[in-house]
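Good morning, colleagues. I shall take a few minutes to present one model, and I ask that you keep the structure in view as I speak.

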Amino acid sequence: MGDKRPYKPRKPGAGRKPLKLNYDAAAILQEQMEAAVALYEEDNSLQTIADTLSLNPIKVRKLLIMAGVY
């Protein structure tokens, strides 16, 4: 009942995976915002913009609000 398992050291290199090297969330968000604003200024509906950018209409609305257009 009181037997303990022997200690097993961890393998080196295990743990959190490295981040993607060329991933920049701020740049991607800025590109989406600029594209959404350009399409919105052409009098497209939110649904049309969402379909074009492959986004959710709520996300498109949020991007337009953040850009100060909507």
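This is a predicted model: local features need pLDDT of at least 70, side-chain atom pairs count only at pLDDT 80 or more; totals for chains, interfaces and linings use all residues.

Met33 counts as buried because its relative accessibility is 12%, where buried means under 20% relative accessible area, exposed over 50% and partly exposed in between, with a 1.4 Å probe and protein chains only. Residues are numbered from 1 along each chain as its sequence is written, and side-chain values use heavy atoms, with hydrogens and water left out.

Met33 belongs to helix α1, residues 25-40. Helices (H or I, at least four residues) and strands (E, at least two) are DSSP runs, numbered from the N terminus. Which residues does Met33 touch, not counting those up to four places away in sequence? They are Leu63, Met66 and Ala67, a contact being heavy atoms within 4.5 Å. As for Asp51, 18 residues apart from Met33 along the chain, the two C-alpha atoms are separated by 15 Å.

Let me turn to the core. The largest nonpolar core consists of seven residues: Ala36, Val37, Leu39, Ile49, Ala50, Val60 and Leu64. Such a core is a set of buried Ala, Val, Leu, Ile, Met, Phe, Trp, Tyr and Cys residues joined through side-chain atoms within 4.5 Å. Two or more residues of this core come from each of α1, α2 (46-53) and α3 (57-67), and α1 gives the most, with three. Ala36, one of the core residues, touches Ile49, Leu53 and Leu64, again leaving aside residues up to four places away in sequence. In soluble globular proteins, nonpolar side chains tend to be buried together.

Finally, the chain as a whole. The chain has three helices and zero strands. Its radius of gyration is 23 Å, well over the 11 Å that the globule rule gives for 70 residues, so the chain is more spread out than a compact globule. That radius is taken over C-alpha atoms, and the rule is 2.2 Å times the number of residues to the power 0.38. Along the principal axes, the C-alpha atoms fill a box of roughly 75 × 30 × 20 Å. Buried residues account for 13% of the 70 residues. Among contacts between residues at least 6 apart in sequence, 44% join residues at least 24 apart.
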